[in-house]
Structure formats: structure tokens, C-alpha cells
Amino acid sequence: MIVPSAGLEQIALGPWAQPAEKVLRIANGIDTAAFAAPPVPGALRVVKRPGEHWIGTLAGLRPVKQLPLLVRAIAELPDIWHLVICGEGPERDAIRAAAEAAEISHRVHLPGAIADPAQVIGMFDIFALSSASEQFPLSVVEAMAAGLPVAAPDVGDIR
């Protein structure tokens with residue numbers, strides 16, 4: 001059994017009662033050189049203005065990602081901080097509603113799914129993850145390869 005995270009490895013060996021010799025952990029990998037390259041101007045449908053700082057994330061817009069919570073956290077920051085959430089999913093309206101309720105719609109950007117995250121992730125100043133559950137998220141690895149600080153909860157293999 002091949003698993004991508006230490007958490008799933010422990011589940012396979014424990015509750016799933018798999019023999020150790022039948023379990024192999026292979027961590028997800030990325031093209032680190034692509035993420036270390038500078039971002040591609042114009043690759044994102046949002047323009048970063050001089051003096052703005054971006055907290056960004058790459059995520060499916062699903063309830064487990066807790067993105068409205070991230071919106072509420074951004075509301076506490078000065079106006080120079082914007083939140084850029086790249087992805088698609090059923091939580092788009094909930095994210096927009098959280099931004100409207102916090103009166104920061106002008107600072108929350110939802111450019112949609114990104115075909116090549118390596119082209120845009122370098123535009124972020126900080127990468128944020130707000131998930132309630134994860135294993136070994138590629139987006140965190142991509143952010144690290146781009147040299148970004150990562151703010152994330154202690155879930156899955158993120159520690």
C-alpha cells in the first residue's frame with residue numbers, strides 16, 4: 001500500500017492493520033526549479049499594485065478548507081493586505097459573503113483555478129492554509145519552493 005503522508009502511514013499500520021512490509025510512504029513531489037523562478041506577469045487576473053501585500057492560497061473552494069475563516073482573519077489586517085484565493089468550488093459564495101460581512105470585498109480576490117501555480121505563487125508575500133484537515137498538501141510544498149513564509153494550522157504532515 002502506497003501512502004503520501006506520515007499520517008496515512010500511521011493509519012495504515014494502526015487502524016487498517018497493514019503489515020509494515022506492505023506499506024510504503026512516497027511523499028508528493030514538485031518541480032522545485034519551476035516554483036523558484038520569478039512569477040509570470042499577467043498570469044493572474046488580479047493586478048498587484050505598488051505597496052500592496054498579498055496573502056495567497058491555492059485551494060479547492062470546499063468547506064474543509066475553511067476559507068471564510070481566512071477571510072475573517074485578513075479583515076483584522078491593514079488595508080495594504082489583500083487575500084488572493086486561487087481555486088474553484090462550491091464555497092465561492094460563502095467566501096464572498098464573508099468578505100462582504102467583514103466589509104473587505106475590495107481586498108479579497110478570487111481569480112479562479114490556476115493552470116500553472118508556479119507562474120503565480122511568487123506574487124504572494126505569505127502563503128496561508130486554513131484547512132481543518134490535510135495530509136501532505138502540495139500547495140505548502142510549492143509555497144516553500146517559491147521561498148514564501150507559510151502560515152498554516154497543525155494538521156496532517158504540515159508540522
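Against which elements do the buried residues of helix H3 pack? In this predicted model, the buried residues of H3 pack against strand E3, strand E4 (81-86), helix H4 (92-101), strand E5 (108-112) and strand E6. The residues concerned, within the helix spanning 67-74, are Leu-67, Pro-68, Leu-70, Val-71 and Ile-74. Around the helix axis they cover an arc of only 155°, which puts them on the same side of H3. An α-helix has 3.6 residues a turn, so residues three or four places apart point the same way.

The overall architecture was examined next. The protein chain contains 5 helices and 7 strands, and their order along the sequence is β-α-β-α-β-α-β-α-β-β-α-β. The C-alpha trace extends about 55 × 35 × 25 Å along its principal axes. The chain has 159 residues, of which 39% count as buried. Its accessible surface amounts to about 8400 Å², and carbon and sulfur atoms account for 57% of that surface. When contacts between residues at least 6 apart in sequence are considered, 66% of them join residues at least 24 apart.

Helix H5 (residues 138-145) also carries a set of buried residues, namely Ser-139, Val-140, Glu-142 and Ala-143. Viewed down the axis of H5, these buried residues fall within an arc of 160°, so they line one face of the helix. Their packing partners are helix H2 (32-36), strand E3 (53-58), strand E6 (126-128) and strand E7 (150-151). Just after H5, Gly-147 adopts a positive phi of about 80°.

Glu-142, located in helix H5, is buried yet has no salt bridge. The nearest side chain of opposite charge is that of Lys-65, at a distance of 11 Å. With residues up to four places away in sequence left out, Glu-142 touches Ile-30, Phe-35, Leu-58, Pro-117 and Ile-121. Another residue of this part of the chain, Val-141, lies 10 Å from Asp-31, C-alpha to C-alpha, although the two are 110 residues apart in sequence. Asp-31 is placed in the loop between E2 and H2, and with a relative accessibility of 49% it counts as partly exposed, because the exposed class begins over 50%.

Salt bridges were then considered. Side chains of opposite charge can pair when their charged atoms come close. The whole structure contains 6 salt bridges, and three of these are described here. In one of them, the side chains of Lys-65 and Glu-134 meet with an N to O distance of 2.6 Å. Lys-65 belongs to the loop between E3 and H3 and Glu-134 to the loop between E6 and H5, so the pair ties together parts that are 69 residues apart in sequence. Both partners are buried: Lys-65 has a relative accessibility of 10%, and Glu-134 has a relative accessible area of 11%.

A further salt bridge joins the side chains of Asp-79 and Arg-107, at 3.4 Å from N to O. This pair links distant parts of the chain, with Asp-79 in the loop between H3 and E4 and Arg-107 in the loop between H4 and E5, 28 residues apart.

On the surface, Met-1, Ile-11 and Trp-16 form a nonpolar patch, with about 280 Å² of accessible area together. Trp-16 is found in the loop between helix H1 (6-13) and strand E2 (24-25). Its relative accessibility of 44% places Trp-16 in the partly exposed class.

Methods. Residues numbered from 1 in each chain as written. Predicted model: local features only at pLDDT ≥ 70, side-chain atom pairs only at ≥ 80, totals over all residues. Heavy atoms only, no water. Patch = residues over 30% accessible without salt bridge, like charges linked within 9 Å, V, L, I, M, F, W, Y side chains within 5 Å. Areas by Shrake-Rupley, 256 points an atom, 1.4 Å probe, with all protein chains shown as cover. Salt bridge = Lys/Arg side-chain N within 4 Å of Asp/Glu carboxyl O. Helix = DSSP H or I, 4+ residues; strand = E, 2+ residues; numbered from the N terminus. Buried < 20%, exposed > 50% of the residue type's maximum accessible area, 1.4 Å probe, protein only. Arc of directions from axis to C-beta. Contact = heavy atoms within 4.5 Å. Lys, Arg positive; Asp, Glu negative; His and termini not counted.
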